[in-house]
Amino acid sequence: MRLLMANIFRLAALALLLVLLFRTEWLTPILAPLTNFNAAPIYTQNSLAWLAAYHLELVAVSILGSAVLAVLGGIFVTRKSGADFLPLTRAIANAGQTFPPVAVLALAVPATGFGMAPTLIALFLYGLLPIFENTVSGLQQVPASIIDAADGMGMSPRQRLFSIELPLAMPLILEGLKVATVINIGTATIGSTVAAKGLGEVIIAGLISDNTAFILQGGLIVGLMAVLIYDAMGQVEAVINRRIGLRAAA
């Protein structure tokens with residue numbers, strides 16, 4: 001029963017997302033009362049589907065960069081040679097979350113100009129912490145007995161890392177990746193303040209014109225994408241865990 005309800009929710013969320021992206025005019029009777037002075041209830045200045053694609057491009061590129069650096073950093077500080085750098089590396093990763101993305105944009109625009117670049121910098125920094133912390137936690141939680149057994153089998157440090165440690169840490173790493181992705185899907189809306197294409201354009205247009213219908217359209221698309229992508233990544237995580245013989249991380 002629970003699985004059936006989950007599948008119904010997924011299908012309903014996907015159907016609503018597709019309607020919002022490709023057939024928003026179907027929702028005109030619902031959205032029209034949310035406008036003032038007979039304003040247009042449907043955002044038509046740009047294709048919502050294209051804006052969603054640009055939005056996801058920002059998220060994908062930034063998360064890929066964050067994941068590469070965070071996982072490499074997590075591996076480095078869990079080795080004996082890099083253990084002393086853990087506090088410094090953790091402080092840098094934390095700074096990415098504690099420093100407001102809007103402030104990052106304000107600092108990055110003079111150096112990179114308007115558009116995608118400053119937004120990618122902000123999202124890249126914002127995605128570091130969850131992936132880094134989960135990588136460190138996953139690697140540190142590998143039982144010492146397994147490490148000793150791998151050493152006893154004559155495995156090199158590299159073989160042990162790729163054959164034992166990373167597979168065992170993978171559930172936590174994937175969980176950090178999911179969290180970072182969902183955070184960045186929502187945060188990417190600020191990119192429109194510096195002329196980056198994305199769904200923030202719809203929300204900002206609604207704020208400027210006092211058009212709640214626009215705000216609702218942009219917000220719903222962002223929210224539905226976040227929920228569906230998180231769910232899809234969870235399904236991929238479950239498949240990977242089954243293949244490596246692990247239970248999914250709680």
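Predicted model: local features only at pLDDT ≥ 70, side-chain atom pairs only at ≥ 80, totals over all residues.

Biologist: Which residues line the largest pocket?

Modeller: Val 77, Thr 78, Arg 79, Lys 80, Leu 139, Gln 140, Val 142, Ala 144, Ile 147, Arg 160 and Glu 165 do. A pocket here is an open set of points on a 1 Å grid over the protein atoms alone, where a 1.4 Å probe fits, with protein on both sides within 12 Å along at least five of seven lines; lining residues have an atom within 4 Å of a point.

Biologist: Ok, how much space lies in the largest pocket?

Modeller: About 250 Å³, taken as the space filled by probe spheres set on the grid points, which are joined across faces, edges and corners.

Biologist: And which elements give two or more residues to that lining?

Modeller: α6, α7 (144-152) and α8. Helices are DSSP runs of H or I, at least four residues, numbered from the N terminus.

Biologist: How does the lining divide by residue type?

Modeller: Five nonpolar, two polar and four charged. Ala, Val, Leu, Ile, Met, Phe, Trp, Tyr, Cys and Pro count as nonpolar, Asp, Glu, Lys and Arg as charged, and the others, Gly among them, as polar.

Biologist: Switching to packing: at what angle do α6 and α8 cross?

Modeller: Roughly 150°, with the axes of α6 (residues 116-140) and α8 (residues 157-187) coming within 7 Å. That makes α6 roughly antiparallel to α8, a label for angles over 145 degrees. Their contact has 14 nonpolar, eight polar and two charged residues.

Biologist: What about α3 and α6?

Modeller: The axes of α3 (residues 48-77) and α6 cross at roughly 40° and come within 6 Å. That contact divides into 17 nonpolar, eight polar and one charged.

Biologist: Zooming out, how many helices and strands are there?

Modeller: The chain has 10 helices and zero strands. Its C-alpha trace spans about 75 × 55 × 20 Å along the principal axes.

Biologist: Last one: where is Leu 34 found?

Modeller: Leu 34 sits in the loop between α2 (28-31) and α3. The C-alpha atoms of Leu 34 and Thr 212 are 5.4 Å apart, though 178 residues separate them along the chain.

Definitions and conventions: Residues numbered from 1 in each chain as written. Heavy atoms only, no water. Axes fitted to C-alpha atoms, helices over the stretch in contact; angles between N-to-C directions. Parallel < 35°, antiparallel > 145°, perpendicular 65-115°, else oblique.
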